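Hi,

Here is the structure I promised to pass on to you. Have a look at it first, and then read my notes below.

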Amino acid sequence: MGALALTACTSPEAEEDATPVDVAQDWSTAEPITVDVYDSLANYMGTQGGWFGKVVKDKFNMELNIIAPNVAGGGDTLYNTRVSGGDLGDLVVVSKGQQMDELVEGGLLLDASNYYESMANVQPFDAAVEYLNDGKDGVYGFPTAVSSIKPTDPSEGLEPTFGPYLRWDLYAEAGYPEIGTLEDLLPVLKDMQDAQPEADNGQKAYAVSLFKDWDGNMMVMGKQPTTLYGYDELGFVLAKADGSDYQSVIDSDSEYVRALKFYFDANQMGLVDPESTTQNYDTMFTKYQNGQVLLSWWPWLGQSAYNTTENMDAGKGFMLAPMADQEIFSYGAKVYGDNTMLGIGHDAEDPARLAAFIDWLYSPEGVNLNSSQTGAAPGPEGLTWELGDGGEPALTEFGTQAFLEGGADVPADWGGGAYTDGVSALNVSTVLPKDVNPDTEFPYNYTFWPSYQETVANPLTEDWSGQMGDAASTMEYLEANDQLLVAPGASYAAPADSGEIETIRSQVKASIIEHSWKMVFAEDEAEFDSLLASMQETANGLGYETVLDFDMSNAEDQNTEREAVAAEFG
């Protein structure tokens, strides 16, 4: 066993049951079980069905019952309730920082040391496993999005995680107007909305549509425009990717308040969907599919929903806007993995089978199948993709329909149902999709395949490329124009909140979120300013500075780790 597993044997629990267990066995004929999966990233709640559910059933004879706080609502309520009950789940997908620490200390995670030696697909990433479990005297968690790519290189594919993505066809109709800053988007969006006030389905179209599902320390849609200027959140702090600036989100001149003002101005101009305060992500996504929304801060929202083959062949779709002052935040590839971990619940019925399942998720087959929601991995070989005569992977006709033409129905022998309904609900990648699949020697992410590049050339992308200096991709454009700011891929996890900080944070973030939404839909600028002052006064009265000092220290520690990993691996 590796050094980590040997160290793990010193814990009392490991000494009680330290006999290695070989998980590399045929689980298909084992007794059927249902596994409760508490998944902090999942956007679906219930039994995993469709083609991925069939694969899990066929290989492991188990069903995944997804428990999703994002769907259940109530913020941390579901997590706290289940932790208080002593059983978060049989398989858990949680933050590797505070939540992992709490679960280990509370005895809710199983020490998987005696399974780890036989987890052959995880073993190549032993350094990341050891890093994650450092100081915990056991193997309690397995890292996600591990990578062999340099931490100073972007982890994303051909598109960044964030960016100002416009309905390019309407932007073209407006004459490709110059966009200097975030605020300069507003008159452009007004012209676009005026040009197409209704979508093809007859429903009203809006430049901006918002949702509340993912609100955390702040209004999540308020945070997104800050990424255009190189910032990402850590608690109540906005930290710039290069460590050059740290902001309190409630400061009057913060990028977060600037984003709220952007939405306020947009709403004053009639550009914000009035259903934003009540709809969820799924409802909003459907509007993107229907062409009812004209701006997306994420390519995996606007492009995924609307850029079908039919639309792109007609020259319609979302593409990155040439905003002159943007410096888009990019996550560097993480040798030690991302901020989420997989773990086995202490009271899981069949922990060896769960260890085998986790190990499979790191295999080329598992990465291909499980990452298809989050990282453009190609799904099942033989269904959505195949190897050509020259050994190069290419999408099948079915894969083209499923990924590029608005969806496809899966044959019964593959599980049936719509392809999208069968996608893994885990919503987490074990291995970075940009990494190379050792079985094909091409990246898992199919958008990097030469065959895909040839397939997707269309009037939309050709027009965009012509306007963007003949760039072959968004990432190429951003890198060529020095508009990408890469945060080196350190696997930093903030320490757990103390009881005092947790209590203050819970109250403060609720107030920040409430005030933020009210500010967006304020009657006039005077009310906006009044609400901002109220937000600041309320937050400070609740003890905001105590939490801010904690978050600020963590943000600085995060940057120190980024600098260290860049020096070591960059």
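Which side chain does the side chain of Asp 111 join in a polar contact? The partner is Ser 113, at 2.5 Å; a polar contact is a pair of N or O atoms within 3.5 Å, where, within protein, one must be able to donate a hydrogen and the other to accept it, and residues adjacent in sequence count only if both atoms are side-chain atoms.

Before you go on, note that this is a predicted model, where local features need pLDDT of at least 70, side-chain atom pairs count only at pLDDT 80 or more, and totals for chains, interfaces and linings use all residues. Residues are numbered from 1 along each chain as its sequence is written, and side-chain values use heavy atoms, with hydrogens and water left out.

Back to Asp 111: a polar atom of its side chain also lies 2.9 Å from the backbone nitrogen of Val 139.

Now for the sheet. Strands here are DSSP runs of E, at least two residues, numbered from the N terminus, and two of them pair if DSSP finds at least two bridges between them. Three strands form an open, antiparallel sheet in the order 7-8-9. Strand 7 and strand 9 (246–248) are at the edges with a single partner strand each, so one side of each has no neighbour in the sheet.

Strand 7 (231–234) and strand 8 (237–240) pair over 4 bridges, and Tyr 231 stands opposite Lys 240. Their hairpin has 2 residues between the strands, and Gly 235 takes a positive phi near 65° there. Strand 8 pairs with strand 9 over 3 bridges, with Val 237 opposite Ser 248.

Enjoy exploring!
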